[in-house]
Amino acid sequence: MKEVKGCGMRSSVGFLSQRRLFGNPLMKEEFQRLRLAGCTSLYKKDMLGHFGCVNAIEFSNNGGEYLVSGGDDRRVLLWDMERVLHARSAKPLILKGEHLSNIFCLAFDSTNKRVFSGGNDEQVILHDVEQGETLNVFLHDDAVYGLSVSPVNDNVFASSSDDGRVLIWDTRQPPHGEPFCLANYPSAFHSVMFNPAEPRLLATANSKEGVGLWDIRKPRTSLLRYGGSMSLQSAMSVRFNSAGTQLLALRRRLPPVLYELHSRLPSFQFDNQGYFNSCTMKSCCFAGDKDQYVLSGSDDFNLYMWRIPKDPEAGGPGRVVNGASMVLKGHRSIVNQVRFNPSTNMICSSGVEKVIKAWSPYQQTESLGDLDGCVENKSRSLYSHEEYISLVLNSGSGLRHDYVSQSIQEDPRMMAFFDSLVRREIEGWSSDSDSDLSEGAILQLHARGRRSTRAVGDGAGVLVGAASPVHPAAAMGLGPLSVNQNILDNDWSNITVAAMRSGTSRNCHHF
């Protein structure tokens, strides 16, 4: 039987990727399981439609026929995955309800007829999938970072917010009715999820208090704080497995960690050379037909998958599983979001880029790569600090957030901005600061330099618009700029100090 280069003997069953598997469901599951376990890489295909960073992705329930996505362009896109995989250029459906700012979280109800979206504009929008219309809007007091729909009642959903509250809403209540407050902390809740098997239980990830377990019948006090003596950590994501018996969590500057439902101490932590999670808000998820893997994106532009050891007692509590079973390469910037579809063994991932990547053990129309990781990836080098400043100062306009250009092309300036965050972390700059190297700081220094050299130029000066409250790192309405060499020759630490004072950007939901 003819082999496809780079796929080895596994290619002998590649033709099945275009066909349904009939017969005994157990045979299909075993086939899918063995195929995924035998891969060291996957085929990949780009999904293009967003104009900015893609901050949230979710598969539909019961088969993952659809994927919903949202990001900095404030739009919610609905993708038909069958068309995405087999068509040369599949366009998503754009839901009519548009946010006023960055979208951070999404959720389907159990029927896949409604989608919830939340974000930086302090509201959750309820969308009708079939008609694309907005059904309702739920107002919050601060940015919404997490959403979860009750597994037993599609009218009930939970939201987690930057105001330190976890709220339980009922869509049947009057629009201005008061939601039920499950938790109220001084620090932000970045993630919330209902337990799929015990819907009275919810898991949360808090920016200061770590990962917690809550009972809806006993509000305001958590049932369990995970982590033991290390419970007070900055947690950004938490997910239950499909059986509701385990939790997977992400913590800043620490590897993914797995907990048994009723145990404070971790069962396993997962690490790999190159894996790093510091610059942006990320999510994690289980993978495999029996949740036998865990997935997480990384600051090194890669996607990591680890196999969970079968014996939870092996090596003692908190044992580190050092070495991923699969490292997926192909993104060109930080990978923040990842979701797995157990029906098709497909992975979708997104982040700083405008692109969503679909990964599959089966070769599809116009997909790239192979199952052994032998095909060379088109990687790129990080922009230097000086290149980033040059991009800011030489750009013809500010980093705008109206997305009037509607461009799906790669944005070098945005890539360079996040490269600067990665470099800062690598070099240990301001390791305890939550601020970033903002464009506002660079532009302020540049404007100051221009004012000190008024003899140069045509008298028009530098037009620096008010910094957007949505994205303080972006200067809005910026006119043409000429590079002032005095600024570039300044000590880099001066720019860094100014950046520390400029505030934190919420673009792509980073720290």
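Reply: A residue is called buried under 20% relative accessible area, exposed over 50%, and partly exposed in between (1.4 Å probe, protein chains only). Of the 511 residues of this chain, 56% count as buried. The model is a predicted one, in which local features need pLDDT of at least 70, side-chain atom pairs count only at pLDDT 80 or more, and totals for chains, interfaces and linings use all residues. Residues are numbered from 1 along each chain as its sequence is written, and side-chain values use heavy atoms, with hydrogens and water left out.

Me: What is the mean pLDDT of the chain, and over which residues does pLDDT stay under 50?

Reply: pLDDT is the predictor's confidence in each residue, from 0 to 100. The chain has a mean of 81, and 77% of its residues reach 70 or more. Over residues 1–19 pLDDT stays under 50; the model has 31 contacts for them beyond four places in sequence, where contact means heavy atoms within 4.5 Å. Residues 448–505 also stay under 50, with 108 such contacts.

Me: How many helices and strands are there in the chain?

Reply: Helices (H or I, at least four residues) and strands (E, at least two) are DSSP runs, numbered from the N terminus. This chain has seven helices and 29 strands. Among its contacts between residues at least 6 apart in sequence, 59% join residues at least 24 apart.

Me: Is β3 largely enclosed or left open by the rest of the structure, and which strands pair with it?

Reply: Five of the six residues of β3 are buried, so the strand is largely enclosed by the rest of the structure. β2 (residues 54–59) pairs with β3 in the antiparallel sense over five bridges, with L67 as the bridge partner of F59. β3 is also joined to β4 by five bridges, again antiparallel, and G70 stands opposite V76 in β4.

Me: Which residues have a positive phi in these hairpins?

Reply: Most residues other than glycine have a negative phi, and most peptide bonds are trans. The hairpin of β2 and β3 has six residues between its strands, and N62 in the turn has a positive phi of about 55 degrees. Four residues lie between β3 and β4, where R74 takes a positive phi near 75 degrees. R74 counts as buried, at 16% relative accessibility.

Me: Where does F301 lie, and what is its phi?

Reply: F301 is in the loop between β23 (293–297) and β24 (303–307). Its phi is near 75 degrees, a positive value in a residue other than glycine. With a relative accessible area of 9%, F301 is buried.

Me: How many residues has the largest nonpolar core, and which elements give two or more residues to it?

Reply: A nonpolar core is a set of buried Ala, Val, Leu, Ile, Met, Phe, Trp, Tyr and Cys residues joined through side-chain atoms within 4.5 Å. The largest one here has 18 residues, and L42, L295 and I347 have the most contacts inside it. Two or more residues come from each of β22 (284–287), β23, β24, β26 (326–328) and β27 (335–341). β27 gives the largest share, three residues. Beyond four places in sequence, the contacts of L295 include C284, Y304, V338 and I347.

Methods
Pairing = 2+ DSSP bridges.
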